[in-house]
Amino acid sequence: MREESEDESATADELTHTTADGDVQMVDVGDKPDSERRAVAVGEIHLRPSTIEAIRDDRVGKGDVLATARVGAIQAVKHTWETIPMCHQIPITNVDTDFSLAEDRIELRVAVETTGKTGCEMEALEGVTTGLNVVWDMVKAIEKDDDGQYPDTGIENVRVLEKEKRRANPGGR
(Lines give C-alpha, C1' and ligand atoms only; values in the text may rest on other atoms or scores of the structure.)
Protein backbone atom coordinates (compact mmCIF):
# COMPACT_ATOMS: atom_id res chain seq x y z
CA MET A 1 0.00 0.00 0.00
CA ARG A 2 1.40 3.44 -0.83
CA GLU A 3 2.14 6.08 1.76
CA GLU A 4 -0.14 9.10 1.71
CA SER A 5 1.31 12.59 1.96
CA GLU A 6 -0.23 15.21 4.24
CA ASP A 7 -1.66 17.01 1.20
CA GLU A 8 -3.55 14.01 -0.10
CA SER A 9 -6.77 12.62 1.23
CA ALA A 10 -7.89 9.15 0.29
CA THR A 11 -11.35 8.49 -1.06
CA ALA A 12 -13.49 5.62 0.21
CA ASP A 13 -12.53 3.62 -2.89
CA GLU A 14 -8.83 3.85 -1.97
CA LEU A 15 -9.20 2.87 1.68
CA THR A 16 -8.82 -0.81 2.45
CA HIS A 17 -11.10 -0.74 5.49
CA THR A 18 -14.10 0.80 3.73
CA THR A 19 -16.42 -0.26 0.95
CA ALA A 20 -17.17 1.90 -2.08
CA ASP A 21 -20.19 3.16 -0.13
CA GLY A 22 -18.02 4.19 2.82
CA ASP A 23 -19.04 1.35 5.14
CA VAL A 24 -16.28 -0.09 7.32
CA GLN A 25 -15.12 -3.61 6.60
CA MET A 26 -12.39 -6.02 7.59
CA VAL A 27 -9.71 -6.39 4.90
CA ASP A 28 -9.78 -9.74 3.10
CA VAL A 29 -6.31 -11.24 3.52
CA GLY A 30 -7.28 -14.72 2.37
CA ASP A 31 -5.23 -14.62 -0.83
CA LYS A 32 -2.09 -13.22 0.79
CA PRO A 33 0.82 -15.61 1.35
CA ASP A 34 1.95 -16.38 4.88
CA SER A 35 4.94 -14.36 5.99
CA GLU A 36 7.07 -14.28 9.11
CA ARG A 37 6.29 -10.94 10.71
CA ARG A 38 7.66 -9.01 13.66
CA ALA A 39 6.73 -5.67 15.18
CA VAL A 40 8.23 -3.74 18.07
CA ALA A 41 6.41 -0.99 19.96
CA VAL A 42 7.51 1.13 22.89
CA GLY A 43 6.04 3.59 25.35
CA GLU A 44 6.72 5.03 28.78
CA ILE A 45 4.96 5.89 31.99
CA HIS A 46 6.15 8.86 34.04
CA LEU A 47 6.05 8.27 37.79
CA ARG A 48 7.36 9.90 40.93
CA PRO A 49 10.95 8.88 41.73
CA SER A 50 9.71 7.45 45.04
CA THR A 51 7.31 5.21 43.12
CA ILE A 52 10.14 3.96 40.90
CA GLU A 53 12.14 3.13 44.03
CA ALA A 54 9.17 1.26 45.52
CA ILE A 55 8.92 -0.78 42.31
CA ARG A 56 12.68 -1.51 42.31
CA ASP A 57 12.56 -2.60 45.95
CA ASP A 58 9.33 -4.63 45.52
CA ARG A 59 7.54 -2.47 48.11
CA VAL A 60 4.27 -1.92 46.25
CA GLY A 61 1.31 -3.22 48.23
CA LYS A 62 -0.43 -4.85 45.26
CA GLY A 63 2.57 -7.07 44.46
CA ASP A 64 5.27 -7.36 41.82
CA VAL A 65 4.45 -4.49 39.46
CA LEU A 66 6.61 -5.50 36.51
CA ALA A 67 5.68 -9.19 36.62
CA THR A 68 2.01 -8.28 36.65
CA ALA A 69 2.45 -5.73 33.86
CA ARG A 70 4.31 -8.33 31.78
CA VAL A 71 1.40 -10.75 32.08
CA GLY A 72 -1.05 -7.95 31.20
CA ALA A 73 0.99 -6.98 28.14
CA ILE A 74 1.11 -10.56 26.87
CA GLN A 75 -2.62 -11.04 27.47
CA ALA A 76 -3.34 -7.83 25.57
CA VAL A 77 -1.25 -9.00 22.61
CA LYS A 78 -3.18 -12.27 22.48
CA HIS A 79 -6.56 -10.49 22.62
CA THR A 80 -5.96 -7.53 20.30
CA TRP A 81 -8.43 -8.86 17.74
CA GLU A 82 -11.16 -8.58 20.39
CA THR A 83 -10.57 -4.89 21.12
CA ILE A 84 -9.52 -3.39 17.77
CA PRO A 85 -12.58 -3.83 15.52
CA MET A 86 -10.88 -4.46 12.16
CA CYS A 87 -7.94 -6.57 13.40
CA HIS A 88 -7.67 -10.19 12.36
CA GLN A 89 -7.10 -12.92 14.91
CA ILE A 90 -3.53 -13.96 14.20
CA PRO A 91 -1.34 -16.78 15.50
CA ILE A 92 1.11 -15.22 17.95
CA THR A 93 4.37 -17.17 17.91
CA ASN A 94 6.31 -15.05 20.39
CA VAL A 95 5.97 -12.03 22.69
CA ASP A 96 8.98 -10.42 24.31
CA THR A 97 8.61 -7.66 26.92
CA ASP A 98 11.42 -5.49 28.22
CA PHE A 99 11.11 -2.92 31.01
CA SER A 100 13.71 -0.21 31.54
CA LEU A 101 13.54 1.83 34.75
CA ALA A 102 14.87 5.38 34.91
CA GLU A 103 14.65 7.88 37.76
CA ASP A 104 11.15 9.09 36.89
CA ARG A 105 9.83 6.73 34.24
CA ILE A 106 9.50 3.16 33.08
CA GLU A 107 9.87 2.31 29.41
CA LEU A 108 8.16 -0.81 28.09
CA ARG A 109 9.20 -2.36 24.80
CA VAL A 110 7.05 -5.15 23.36
CA ALA A 111 8.13 -7.30 20.41
CA VAL A 112 5.54 -9.55 18.78
CA GLU A 113 6.14 -12.29 16.22
CA THR A 114 3.70 -14.18 14.03
CA THR A 115 3.57 -16.22 10.86
CA GLY A 116 0.53 -15.23 8.90
CA LYS A 117 -1.16 -13.04 6.34
CA THR A 118 -1.16 -9.73 8.20
CA GLY A 119 1.14 -7.72 10.44
CA CYS A 120 1.33 -7.59 14.21
CA GLU A 121 2.04 -3.92 14.96
CA MET A 122 -1.40 -3.41 16.54
CA GLU A 123 -0.68 -6.34 18.85
CA ALA A 124 2.63 -4.75 19.88
CA LEU A 125 0.91 -1.41 20.53
CA GLU A 126 -1.83 -3.09 22.58
CA GLY A 127 0.84 -4.88 24.61
CA VAL A 128 2.60 -1.60 25.39
CA THR A 129 -0.50 0.38 26.30
CA THR A 130 -1.99 -2.36 28.46
CA GLY A 131 1.32 -3.14 30.15
CA LEU A 132 1.73 0.54 31.06
CA ASN A 133 -1.89 0.74 32.22
CA VAL A 134 -1.22 -2.22 34.51
CA VAL A 135 1.78 -0.40 35.98
CA TRP A 136 -0.47 2.61 36.63
CA ASP A 137 -3.12 0.44 38.23
CA MET A 138 -0.57 -1.24 40.48
CA VAL A 139 0.91 2.06 41.74
CA LYS A 140 -2.07 4.40 41.70
CA ALA A 141 -2.41 4.43 45.49
CA ILE A 142 1.13 5.80 45.89
CA GLU A 143 0.99 8.09 42.84
CA LYS A 144 -2.11 10.05 43.96
CA ASP A 145 -1.63 13.45 45.52
CA ASP A 146 -3.59 14.70 48.56
CA ASP A 147 -6.53 15.60 46.28
CA GLY A 148 -6.64 12.14 44.69
CA GLN A 149 -5.15 13.38 41.41
CA TYR A 150 -2.17 12.14 39.36
CA PRO A 151 -0.11 15.27 38.58
CA ASP A 152 3.14 13.36 37.99
CA THR A 153 1.74 10.30 36.25
CA GLY A 154 1.36 9.97 32.49
CA ILE A 155 1.70 7.50 29.65
CA GLU A 156 3.54 8.98 26.68
CA ASN A 157 5.48 8.32 23.49
CA VAL A 158 3.69 5.11 22.50
CA ARG A 159 4.83 4.23 19.00
CA VAL A 160 5.86 1.46 16.63
CA LEU A 161 9.65 1.30 16.42
CA GLU A 162 9.90 -1.27 13.67
CA LYS A 163 8.05 -3.87 11.68
CA GLU A 164 9.47 -6.63 9.54
CA LYS A 165 8.06 -9.04 7.01
CA ARG A 166 9.85 -12.07 5.58
CA ARG A 167 8.28 -14.62 3.30
CA ALA A 168 7.63 -17.80 5.26
CA ASN A 169 9.55 -20.88 4.20
CA PRO A 170 7.04 -22.78 2.02
CA GLY A 171 8.94 -26.07 2.40
CA GLY A 172 9.54 -25.69 6.14
CA ARG A 173 7.53 -26.97 9.05
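Helix α1 spans residues 49–56 and holds both R56 and E53, three residues apart, or about one turn of the helix. Helices here are DSSP runs of H or I with at least four residues, strands are runs of E with at least two, and both are numbered from the N terminus. The model is a predicted one, in which local features need pLDDT of at least 70 and side-chain atom pairs count only at pLDDT 80 or more, while totals for chains, interfaces and linings use all residues. Residues are numbered from 1 along each chain as its sequence is written, and side-chain values use heavy atoms, with hydrogens and water left out.

R56 and E53 form a salt bridge, with their closest N and O atoms 3.4 Å apart. A salt bridge is counted where a side-chain nitrogen of Lys or Arg comes within 4 Å of a carboxyl oxygen of Asp or Glu, and by this rule the count comes to 14. R56 is partly exposed, at a relative accessible area of 43%, and E53 is partly exposed at 38%. These classes follow the relative accessible area, with buried meaning under 20%, exposed over 50% and partly exposed in between (1.4 Å probe, protein chains only).

Another salt bridge joins the side chains of K62 and D137, at 3.4 Å from N to O. This pair links distant parts of the chain, since K62 sits in the loop between α1 and α2 whereas D137 belongs to helix α4, 75 residues apart. Both partners are partly exposed, K62 with a relative accessible area of 48% and D137 with one of 34%. E107 and R109 make a further salt bridge, their closest N and O atoms lying 3.8 Å apart; E107 is partly exposed at 24% relative accessibility, and R109 is partly exposed at 35%. Salt bridges also link E36, R38, E113, E162, E164 and R166 into a network.

Turning to the sheet, four strands form an open arrangement in the order β2-β3-β1-β4, with antiparallel pairing. Two strands are taken to pair if DSSP finds at least two bridges between them. The edge strands are β2 (92–101) and β4, each of which pairs on one side only. From one strand to the next, the twist averages 15 degrees. Angles run from 0 to 180 degrees between N-to-C directions, and axes are lines fitted to C-alpha atoms, for helices over the stretch in contact.

Helix α2 (residues 65–78) packs on this sheet and touches β2 and β3, its direction making about 145 degrees with that of β2. Helix α4 (residues 121–143) also packs on the sheet; α4 touches β1, β2, β3 and β4, and its direction makes about 25 degrees with that of β1. Contact here means heavy atoms within 4.5 Å.

Strand β1 (residues 35–46) is mostly covered, with 10 of its 12 residues buried. On one pairing, β1 runs antiparallel to β3 (residues 105–116) over 12 bridges, and R38 stands opposite E113 of β3. R38 and E113 are also among the members of the salt-bridge network. The pairing of β1 with β4 (residues 154–167) is antiparallel as well, over 11 bridges. There, A41 stands opposite V160 and V42 stands opposite R159.

The largest nonpolar core has 28 residues, and those with the most contacts inside it are L47, I55, V65, I106, V110, V135 and V139. Such a core is a set of buried Ala, Val, Leu, Ile, Met, Phe, Trp, Tyr and Cys residues joined through side-chain atoms within 4.5 Å. Two or more residues come from each of β1, α1, α2, β2, β3 and α4, and the largest share, eight residues, is that of α4. V139 touches L47, T51, I55, V60 and V65, leaving aside residues up to four places away in sequence.

Finally, T80 lies in helix α3 (residues 80–83) and is buried, with a relative accessible area of 0%. A polar atom of the T80 side chain is 2.9 Å from the backbone oxygen of A76. With residues up to four places away in sequence not counted, T80 touches C87, M122, E123 and E126.

Notes:
A polar contact is a pair of N or O atoms within 3.5 Å; within protein, one must be able to donate a hydrogen and the other to accept it, and residues adjacent in sequence count only if both atoms are side-chain atoms.
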